[in-house]
Amino acid sequence: MVTNEIGRATTHAGPPTRRHRAPVAPSGAERGRPAQRWPRRRRLAANAVTGWAFAGPGTLLVVGLSIFPAVWAFLISRTRWNGIAPPRDLGWSNYQRMADDPELWASVRHTFVLTALFVPSSILLGLVIAIALSQKIRLITFYRTCIFVPFVASAAATGILASYVFNPQFGSANELLRLVGLPPQLFLEDPKQVLVVICVIALWGEVGFTAVIYLAALQDIPKDLIEAATVDGANRLQVFRHVTLPELRPVTVFTAVWQTITALQLFDLVFTTTRGGPLNASQTVVYYVYELAFQTQRYGYGSAVAYGLFALTMVLTIAMILYSRRARVEAF
Amino acid sequence: MTVLVGRSADRVSSPLPDRPAARRRLLPFSPWHLLLMPLALLFVLPLVQMVLTSFMTAADINRFPPRLIPTKLSIAGYQSLLEQSQILRWLGNTVIVSAISIVGHLVLCSLAGYGFARLRFPGRTVGFFTLLATVMVPIQLLMIPTFVMFSRLGLVNTLAAAFVPWLTSAFGIFLMRQFFLSLPKELEEAATLDGCGAFGTFVRIVLPLAKPALATLAVFTLLGSWNDLVWPLIAISDERFYTLQVGLTTFQGTRRTQFELLMAGNVLATMPLIIGFVLAQRWFVASMTFTGLKR
């Protein structure tokens with residue numbers, strides 16, 4: 001492989017550079033194997049040292065902060081451990097316990113509801129906004145700035161701001177309802193509404209990202225495709241339905257997978273708005289893991305639940321990718 | 001024939017009734033404004049309200065019906081924020097954490113990205129695929145062991161707990177690798193033939209070409225590390241080492257109803273990034289899409 005690489009380099013470089021190389025390489029140069037000056041093994045070792053000097057630190061740190069703890073989490077998940085006393089081996093019983101933990105299933109349900117609300121609406125809204133933002137009209141830069149700005153705000157700040165806006169007493173959301181003549185709502189304090197409100201807040205912060213992705217994809221659609229359809233007599237709606245939408249499919253798969261993972265792992269917003277309340281109605285799985293581990297110090301069971309969610313995420317992601325493959329969308 | 005005529009007359013002065021033209025007669029402006037204007041307000045008004053509320057008096061906030069514009073400007077929110085919390089210290093901590101994270105990302109990701117893009121060495125493929133696999137590991141799996149690891153390394157209640165997870169990332173390495181792959185090889189080959197070593201080539205030839213990718217990486221690291229909540233939240237309980245984000249969340253329990261103070265804290269935590277974004281917007285969105293599509 002190494003000789004190949006160098007051989008290719010010489011052919012690319014052409015005659016003038018070969019003269020440069022001549023003093024370095026002995027007679028073998030003409031046959032495309034210039035680097036025979038060093039024995040093969042030493043050259044390999046030198047390559048390894050250089051290569052890993054470049055790639056090593058970053059790779060090691062990433063692996064040390066992800067694969068290593070993930071494996072460790074698996075070992076922890078088979079024990080009962082509070083972080084201080086020595087861990088006690090439990091085998092698979094933490095996983096068995098998950099089956100009849102009503103609090104866990106409630107948080108799985110909340111997570112599913114959130115995902116089912118969030119993913120389709122963020123895709124739809126993102127697409128509509130992207131189409132609107134791709135029009136060549138006045139004020140378009142202003143609109144783009146406005147819609148994208150919330151994406152820059154942190155989840156902590158967004159959560160605090162949302163708790164203010166949706167405050168039943170002082171909030172402007174209820175004031176807005178009052179102006180249109182609707183009764184005031186409890187929003188984040190009502191167990192029935194809390195997930196919808198959190199979804200709205202998440203959309204406010206995240207939809208800018210989806211819109212930007214779609215905007216870029218819209219601009220990448222070849223103009224001749226649309227022109228050809230127009231020449232063939234298609235009206236705007238038909239062009240959108242039969243040209244634009246199919247061209248956007250790979251991006252849609254990407255966005256769907258991305259936003260599903262975002263929704264399944266929602267933690268920050270829950271933490272900064274409701275901390276799982278009221279009456280645990282907004283407790284998501286990740287928040288449950290956080291509570292198990294850092295409020296009640298149940299590291300073993302917490303890790304098992306984390307692995308459960310991991311498996312669920314994997315299954316959903318793979319299912320979405322397989323589905324898109326079957327529908328012949330090449331997104332991955 | 002007719003089709004051809006219609007097309008050549010496109011937009012100029014079409015004799016055929018054109019749809020947009022018909023609509024333009026109904027409204028003095030494009031109908032898209034009817035959708036975009038309310039949406040834009042919906043997205044930006046809460047932030048405007050945040051800024052305005054931070055300058056309100058408590059009496060103004062508690063008034064019924066609630067009002068958007070303060071009757072008089074007051075900096076009481078900021079004053080009590082300074083008196084009752086170590087907000088400036090937290091701001092400093094956040095700046096330090098973000099700065100170290102950005103430097104770490106720029107150095108480690110560009111080095112590793114270049115290694116995987118251009119150098120041949122044993123273990124390269126395995127290393128790269130291991131790196132890609134780490135993207136699938138979700139954060140909830142890492143919280144517990146990372147906390148235990150940090151406490152054994154003595155990183156709990158230090159700023160390092162906030163920046164070590166941000167020193168590098170698989171995403172950053174992948175981004176840089178893709179960028180380096182897109183560069184033409186000839187320049188580097190010329191440098192090598194002129195006697196430049198791998199590191200010399202990297203620093204003198206490749207890095208200067210990589211400025212756009214490095215800027216994108218810096219933007220993403222700034223956004224991520226500045227706004228990060230999880231790592232400092234689980235590993236830092238000493239108030240002196242809070243980042244802004246963790247500090248803000250502690251207000252919620254104790255000062256739930258001091259909205260002027262809460263909003264003042266919010267302004268301090270979000271405005272640096274928002275102002276930066278508005279000033280550098282075009283370029284910011286460009287880098288956003290640059291990475292979004294290559295992810």
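What percentage of the 332 residues of chain A count as buried? I looked this up before anything else. The answer is 38%. I keep in mind that this is a predicted model.

**Chain A, overview**

I counted the elements next. Chain A has 15 helices and two strands. I then checked the contacts in chain A with a separation of 6 or more. Residues 24 or more positions apart account for 65% of them.

**Helix H12 of chain A**

I went to residues 236-264, which form helix H12 of chain A. This helix has 29 residues. A straight helix would reach 42 Å at 1.5 Å a residue. The end C-alpha atoms of H12(A) are only 37 Å apart.

Where does H12(A) bend? I found the bend at Arg249(A), and it is about 50°. A proline, Pro250(A), follows within four residues.

I listed the buried residues of H12(A). Among them are Leu248(A), Val251(A), Thr252(A) and Val253(A). Further along, Gln259(A), Ala263(A) and Leu264(A) are also buried. I asked what they pack against. The buried residues of H12(A) pack against H6 (102-133), H10 and H15 (299-326) of chain A.

**Helix H12 of chain B**

I turned to H12 of chain B, residues 198-209. Its 12 residues should span 16 Å at 1.5 Å a residue, and its end C-alpha atoms are 16 Å apart, so the two values agree.

Which residues of H12(B) are buried? I noted Ala198(B), Thr201(B), Phe202(B) and Val206(B). They cover an arc of only 95° around the axis, so they sit on the same side of H12(B). The face turned away from that buried side carries Val203(B), Arg204(B) and Pro208(B), which are exposed.

I also looked up what covers the buried residues of H12(B). The cover includes helix H3 (40-65) of chain A. From chain B it includes H6 (87-118), H10 (170-182) and H11 (186-193).

Most residues other than glycine have a negative phi. I therefore noted the exceptions below.

Phe187(A) has a phi near 50°, a positive value. I placed Phe187(A) in the loop between helix H9 (172-179) and helix H10 (194-220). Is Phe187(A) buried or exposed? Phe187(A) is buried, because 23 other C-beta atoms lie within 10 Å.

Leu279(A) also has a positive phi, near 55°. Leu279(A) lies in the loop between helix H13 (268-273) and helix H14 (285-294). Leu279(A) counts as exposed, because it has 9 C-beta neighbours inside 10 Å.

How values were computed
Residues numbered from 1 in each chain as written. Chains lettered and ligands numbered in written order. Predicted model: local features only at pLDDT ≥ 70, side-chain atom pairs only at ≥ 80, totals over all residues. Buried ≥ 20, exposed ≤ 12 C-beta atoms within 10 Å, placed from the backbone. Contact = placed C-beta atoms within 7 Å. Expected span 1.5 Å × (residues − 1). Bend = angle between axes of the 7 residues up to and from the residue. Arc of directions from axis to C-beta.
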